[in-house]
Amino acid sequence: MSQLRPERQDVVIEARGLTMKYGSNLIQSNLHFQICKGDVFVIMGGSGCGKSTLLKHMIGLYQPADGEILFGGQSYFTASQEQQQDMRRRWGVTYQGGALFSDKTLAENVALPLEQYTTLTNQDIRDMVHYKLALVGLAGFEEFYPSQISGGMCKRAGLARAIALDPDILFFDEPSAGLDPLSARRLDDLILQLRDSTGATVVIVTHELASIFAIGSNGIYLDANTKTQLDTGSPQTMLNHSKHQLVREFLSRGEYGDE
Ligand SMILES: Nc1ncnc2c1ncn2[C@@H]1O[C@H](COP(=O)(O)OP(=O)(O)OP(=O)(O)O)[C@@H](O)[C@H]1O
């Protein structure tokens, strides 16, 4: 089993004995990890090991088969409806491709959570939308539809929507999938910049080794065969010191795996 980091005061998310299943199909069992404030926590592992599934459990889309995920000590599934709404309000989620509504402009897309969760006036919402789009480098694109901008811009617009409510935790599923290396790098920089300017904690599913090392401060490696975590900690530490050859191989694209 992997090493847990020592207990820290600023733990934002903690998984304890988390087991995830679809019906009777076991995906991962007995996961333990801690994510601290300001971490960029990377969920890693081979195809189909359950990375997206873990993210979906974290945001309350699926209930653990066993164990729990705690946010500041509170499980989403034992929280009251009011607490659940409050938790969701503090999460910003972006899916692959940005998942924008194609029949809405960028401004309308970013305005949605503000309309849903706040009592801001229309003018305040317009100002906030303008500010958030400017933060991700999309000032002036308010009236564009997703089909009129590039894939990278769509992802940035998705990010603007995710940060609309100034979330404490940002969740990303494969944010740079399909982007050219330069755009992927810019997205990484943007994620770090937003983390630094908002103080948010970031949880990210990614296959991109460059991203893993550029932005990951902490993470977990899930194994599809044994259906459990092989390691947790910083990607660099795992690369240099993981006792699992598979983890070192994964993080070095096969070049650093020999025992
Ligand atoms: N809604 C679902 N219902 C049933 N099985 C599912 C569901 N979603 C995913 N699975 C299965 O769970 C396993 C893990 O899927 P998941 O998408 O979490 O893996 P992943 O590590 O994110 O994969 P990839 O790297 O290929 O995106 C896969 O075998 C997948 O077929």
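User: What makes E4 and E5 a hairpin, and which residue in the turn has a positive phi?
Analyst: In this predicted model, E4 and E5 form a hairpin with 2 residues between them. Gly 72 in the turn has a positive phi of about 55 degrees.

User: How do you know that E4 and E5 pair?
Analyst: Pairing requires at least two bridges between the strands. E4 and E5 have 2 bridges, in the antiparallel sense, so by that cut-off they count as paired. One of the bridges joins Phe 71 to Gln 74 in E5.

User: What is the strand order of the open sheet?
Analyst: The order is E2-E1-E4-E5, 4 strands with antiparallel pairing.

User: Why are E2 and E5 said to stand at the edges?
Analyst: Strand E2 (25–36) and strand E5 (74–75) each have a single partner strand, so one side of each lacks a neighbour in the sheet.

User: How do you know that E1 pairs with E2 and with E4?
Analyst: The cut-off is at least two bridges. Strand E1 (residues 11–22) is joined to E2 by 8 bridges, antiparallel, and E1 pairs with E4 over 5 bridges, also antiparallel. Among the bridges, Glu 14 is partnered by Gln 34 in E2, and Ala 15 by Ile 69 in E4.

User: Which strands does helix H1 lie across?
Analyst: H1 (residues 51–58) lies across E1, E2 and strand E4 (66–71), and runs at about 120 degrees to E1.

User: Which residues surround the ligand, and which element gives the largest share of the shell?
Analyst: The ligand is surrounded by Tyr 22, Ile 27, Gly 45, Ser 47, Gly 48, Cys 49, Gly 50, Lys 51, Ser 52 and Thr 53. H1 gives the largest share, 3 residues.

User: How does the shell divide into nonpolar, polar and charged residues?
Analyst: The shell has 3 nonpolar, 6 polar and 1 charged. Gly counts as polar in this scheme.

User: What makes the phi of Asp 166 worth a remark?
Analyst: Most residues other than glycine have a negative phi. Asp 166 is not a glycine, yet has a positive phi of about 50 degrees. Asp 166 lies in the loop between helix H5 (151–162) and strand E7 (169–173).

User: Where is Lys 227, and what is its phi?
Analyst: Lys 227 is in the loop between strand E9 (218–223) and strand E10 (228–232). Lys 227 also is not a glycine and has a positive phi of about 60 degrees.

User: Why are Asp 166 and Lys 227 called partly exposed?
Analyst: A residue is buried at 20 or more C-beta neighbours within 10 Å and exposed at 12 or fewer. Asp 166 has 13, so Asp 166 counts as partly exposed. Lys 227 has 17, so Lys 227 counts as partly exposed too.

How values were computed: Residues are numbered from 1 along each chain as its sequence is written. This is a predicted model: local features need pLDDT of at least 70, side-chain atom pairs count only at pLDDT 80 or more; totals for chains, interfaces and linings use all residues. Two residues are in contact if their C-beta atoms, placed from the backbone, lie within 7 Å. Axes are lines fitted to C-alpha atoms, for helices over the stretch in contact, and angles run from 0 to 180 degrees between N-to-C directions. A residue is near a molecule or strand if its C-beta atom, placed from the backbone, lies within 6 Å of it.
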